Amino acid sequence: MKPDTDCTPRDWASQPPYVYPDYKSTVLRGPLKPLVPLPHTLSELTGPVYGHESVGPLDDDLTRNGAKNGQPLGERIVVAGRVLDEAGRPVPDTLIEIWQANAAGRYVHGADQHDAPLDPNFLGAGRCVTDDEGRYRFITIKPGAYPWRNHPNAWRPPHIHLSLFGPSFVTRLVTQMYFPGDPLLAHDPIYQGAPEGARERMISRFSLELTRPEWALGYEFDIVLRGPAATPVET
Ligand SMILES: [Fe+2]
């Protein structure tokens, strides 16, 4: 049973299972019984979503929104794309929040004790709202790989976490974006947990059009919310 409440069901064939034993924490947290759909209340569907009106001008530039005394270290990149529905139509007014490790593979978070340096000029979080054409764009630093103890010698491939909020709190999607040609993808249970043929949709595309001469490489990443081309969501 699938807990969809809108008229376009999620294509579960392109989504990772809730429990994927190679990704060990899913065994502990994944539901083992069929999900029970809960009808949404009016306030859940129409209530205000924090953030849409308070996105600041630097929020989409991670090379500047955490700067204290200089620029963050690492490879500056542009990440941009569109949010699309199942018919390829743009989805405007979607709040996109991202978070990521710095160039050395370290998060600004107390739980991250990876022996790699923090960057005093990099917070690793940003947000923006899609425009009328469903477009978004971030300036950031290419994240580094980091170890995560899921299994012996486990390393997460460089990735950017994304959260998308639609018009209400119950319309949320969380996923991850990867980089093309990364050899760690073949060894990553989170990436491999999504079905073959769908997991590739989580890999961004290098884009010379988005690349700014003498400044930053560009990566294109479209997020499809529904339908047979849907972007896999996080388990
Ligand atoms: Fe991560």
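Arg127 is buried, with a relative accessible area of 17%, where buried means under 20% relative accessible area, exposed over 50% and partly exposed in between (1.4 Å probe, protein chains only). The model is predicted, so local features need pLDDT of at least 70 and side-chain atom pairs count only at pLDDT 80 or more, while totals for chains, interfaces and linings use all residues. Residues are numbered from 1 along each chain as its sequence is written, and side-chain values use heavy atoms, with hydrogens and water left out.

Arg127 belongs to strand β3 (residues 125–129); strands (E, at least two residues) and helices (H or I, at least four) are DSSP runs numbered from the N terminus. The side chain of Arg127 makes a polar contact with the side chain of Asp59 at 2.9 Å. A polar atom of the Arg127 side chain also lies 3.0 Å from the backbone oxygen of Ser54. A polar contact is a pair of N or O atoms within 3.5 Å; within protein, one must be able to donate a hydrogen and the other to accept it, and residues adjacent in sequence count only if both atoms are side-chain atoms.

The metal site comes next. Four residues coordinate the iron ion at 1.9 to 2.2 Å: Tyr107 and Tyr146 through OH, and His159 and His161 through NE2. Donors are N, O and S atoms within 2.8 Å of the metal (3.2 Å for Na, K and Ca); water is not among the atoms, so sites may look incomplete. The angles among the four donor atoms run from 92 to 158°, and the site is irregular. That label applies because four donors count as tetrahedral only if all angles lie between 85 and 135 degrees; four count as square planar and six as octahedral if opposite donors are over 155 degrees apart and all others between 65 and 115, and anything else is irregular. Along the sequence, the donor residues follow the spacing Y-x38-Y-x12-H-x1-H. Within this set, Tyr146 in strand β5 (residues 146–147) and His159 in strand β7 (residues 159–165) are 13 residues apart, and the pair links distant parts of the chain. Both Tyr146 and His159 are buried.

In soluble globular proteins, nonpolar side chains tend to be buried together. A nonpolar core is here a set of buried Ala, Val, Leu, Ile, Met, Phe, Trp, Tyr and Cys residues joined through side-chain atoms within 4.5 Å. The largest such core has 22 residues, of which Ile96, Tyr136, Leu162 and Ile223 touch the most other members. Two or more residues of this core come from each of β1 (76–84), β2 (95–99), β4 (135–141), β7 and β8 (172–178). Leaving aside residues up to four places away in sequence, Ile223 touches Arg82, Val83, Leu84, Tyr136, Leu162, Leu164, Leu173 and Thr231, contact meaning heavy atoms within 4.5 Å. A second, separate core has seven residues, including Leu185, Tyr191, Ala194 and Met202.

Charged residues form another set of links. Side chains of opposite charge can pair when their charged atoms come close. The structure holds eight salt bridges, each a side-chain nitrogen of Lys or Arg within 4 Å of a carboxyl oxygen of Asp or Glu. In one of them, Arg64 meets Asp61 at 2.8 Å, N to O, and Asp61 counts as buried at 7% relative accessibility. Another joins Asp112 and Arg106 at 3.9 Å, N to O. Asp112 is buried, with a relative accessible area of 12%, and Arg106 is buried at 15%.

A further salt bridge pairs Glu220 with Arg205 at 2.4 Å, N to O. Glu220 lies in strand β10 (residues 216–220) and Arg205 in strand β9 (residues 205–212), so the pair ties together parts that are 15 residues apart in sequence. Salt bridges that share partners join Arg205, Glu209 and Glu220 into one network. Glu220 is partly exposed at 26%, and Arg205 is partly exposed at 44% relative accessibility.

The loops complete the tour. Asp93, in the loop between β1 and β2, has a positive phi near 60° although the residue is not glycine; Asp93 counts as partly exposed at 48% relative accessibility. Asn153 has a positive phi of about 60° and is likewise not a glycine. Asn153 sits in the loop between β5 and β6 (155–156) and counts as exposed at 69% relative accessibility. Pro167, in the loop between β7 and β8, is exposed, with a relative accessible area of 65%. The C-alpha atoms of Pro167 and Leu95 are separated by 8.7 Å, although the two residues are 72 residues apart along the chain.
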